[in-house]
Amino acid sequence: MTKNHHHLFRTLFLINFLITLGFGISDAFFPLYCQNIGARGLLLGAAIGGYALSKIIFSPIMGALADRFGRKPLILFSLGGYLLISCSYLVFSNLTLVVVLRLLQGAGCAMFRPVLQALVADHTPAERRGTVMGTFDISFYAALSAGPVLGGLMMDIWGFQGMFIILSLCCFCAFCLACVGIPACSRKTGTSRPFFAAGLTRLWPPSTDKGPLRGLLLFILGRACGITACAAFLPILLTSKMGLSGFEVGVVMASATVTMTLLLRPVGRVADYLPRPLLVACGGVVVPMLYLLLPVVADFGQVLGVSLGIGAFSALSQPAASSLLIEEGQRLGMGATLGTFNAFLNLGFVLGPVLGSLLQSSVGIQSVFIAIGIIGLISALGFAATIRVHQPVQQGQVTVPVFLSGNHPE
């Protein structure tokens with residue numbers, strides 16, 4: 001990477017960290033804020049669920065728009081919207097207006113994340129995709145780990161207003177960084193065709209196209225479903241079945257994220273040398289098997305070991321999956337591909353808690369972890385089925401299977 005590329009990467013890393021930190025602070029306590037201003041029943045569900053629904057609907061559209069019109073305009077527009085909405089929480093407390101603001105926030109997130117990822121992908125050399133994407137993902141997971149802790153501290157000191165002040169400051173700093181640090185020539189890949197035809201309609205290729213996008217979408221759907229269901233119901237399992245203290249539950253819940261954050265960069269380096277599809281499949285199979293162990297662990301040490309394993313094998317698949325996604329984006333349109341991927345990611349985030357709630361009330365809480373384990377295994381096997389194991393390609397003077405040459409398609 002050139003010096004300019006390093007500068008751009010650092011800018012994008014900080015922008016992603018600030019936005020994730022701001023929303024990690026506010027999202028953890030947003031349901032409490034809604035209840036505090038009188039949200040109950042349908043309005044509470046709309047405020048919480050509408051945010052995810054907006055991201056699902058708008059992510060592919062905004063990603064395709066980025067291919068059409070360029071990265072920087074949409075990033076500035078989304079960050080400006082983030083800032084305006086965050087400041088609005090400081091002024092307005094009308095419940096209906098808060099629900100509308102939350103829906104707009106989801107649309108802004110749908111615009112921001114795929115476009116930011118596309119901009120990183122545009123400037124990532126093929127031979128370092130694993131390292132770069134693994135390093136970039138640290139900005140997300142580190143902020144996600146720190147956000148709830150800092151948010152709880154702000155709420156204890158200054159209440160909900162303090163929480164939204166920090167969110168607004170994070171958005172303001174990110175907007176300023178984007179104005180100064182992102183070059184105006186950040187590329188666009190639009191054509192004379194309508195952006196839906198140029199981007200979205202190419203994302204579900206015909207059966208003769210053996211690219212792994214379908215498998216990646218299935219993989220992330222199953223993985224996201226497992227992440228949110230585990231986050232929602234593991235604390236209940238640990239307190240009701242094992243009688244762990246609040247501190248012990250907190251350590252277990254944080255251990256997977258911290259482990260993943262620490263391993264992302266070194267595992268990203270590994271993904272530049274080993275077959276990326278194999279790493280995705282390996283992590284995708286082992287994590288669901290660890291979910292299946294959660295109902296039978298007996299003490300704090302065992303559940304901590306399982307949680308550490310979940311973090312480690314999640315890290316194993318993350319940079320490799322991101323690298324494969326970039327390769328598909330170069331084929332099908334970067335923004336539209338990443339937007340669709342994020343839509344499936346958010347769909348999984350919605351389905352996980354819904355499925356978990358239904359299973360807990362009807363069968364019991366242990367069935368939640370059995371279900372997400374089975375779903376995860378199915379999604380990993382579905383991904384593996386999309387990889388071209390048998391079709392050979394030329395790489396230099398040697399013919400190798402595409403499965404083994406997935407790291408360096410050039």
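**Reading the side chains**

Reply: Phe23 and Tyr82 are both buried, a term for under 20% relative accessible area, with exposed meaning over 50% and partly exposed in between (1.4 Å probe, protein chains only). This is a predicted model, in which local features need pLDDT of at least 70 and side-chain atom pairs count only at pLDDT 80 or more, while totals for chains, interfaces and linings use all residues. Residues are numbered from 1 along each chain as its sequence is written, and side-chain values use heavy atoms, with hydrogens and water left out.

Me: How many aromatic pairs does a search of the whole structure find?

Reply: A pair of aromatic rings is described by the distance of the centres and the angle of the planes. Rings of Phe, Tyr and Trp (its six-membered ring) pair if their centres lie within 6.5 Å; planes under 30 degrees apart count as stacked, over 60 as edge-to-face and the rest as tilted. The search finds eight aromatic pairs. In one of them, the ring centres of Phe23 and Tyr82 are 4.7 Å apart and the planes stand at 45 degrees, so this pair is tilted. Phe23 belongs to helix 1 (residues 3–27) and Tyr82 to helix 4, and the pair links distant parts of the chain, 59 residues apart. Helices here are DSSP runs (H or I, at least four residues), numbered from the N terminus.

Me: What is the geometry of the aromatic pair of Phe219 and Phe383?

Reply: Phe219 and Phe383 form a tilted pair, with 6.2 Å centre to centre and 50 degrees between the planes. Phe219 lies in helix 8 (residues 213–240) and Phe383 in helix 13 (residues 366–385), 164 residues apart. Phe219 counts as buried at 4% relative accessibility, and Phe383 counts as buried at 1%.

Me: Which residues are linked in a network of salt bridges?

Reply: A salt bridge is a side-chain nitrogen of Lys or Arg within 4 Å of a carboxyl oxygen of Asp or Glu. By this rule there are two salt bridges, and the network links Asp272, Arg276 and Glu327. Asp272 and Arg276 have their closest N and O atoms 3.0 Å apart. Glu327 meets Arg276 at 3.1 Å, N to O. Glu327 is in helix 11 (residues 300–332) and Arg276 in helix 10 (residues 276–293), so this pair ties together parts that are 51 residues apart in sequence.

Me: Is Arg276 buried or exposed?

Reply: Arg276 is buried, with a relative accessible area of 0%. Glu327, at 15% relative accessibility, also counts as buried.

Technical notes. Helices (H or I, at least four residues) and strands (E, at least two) are DSSP runs, numbered from the N terminus.
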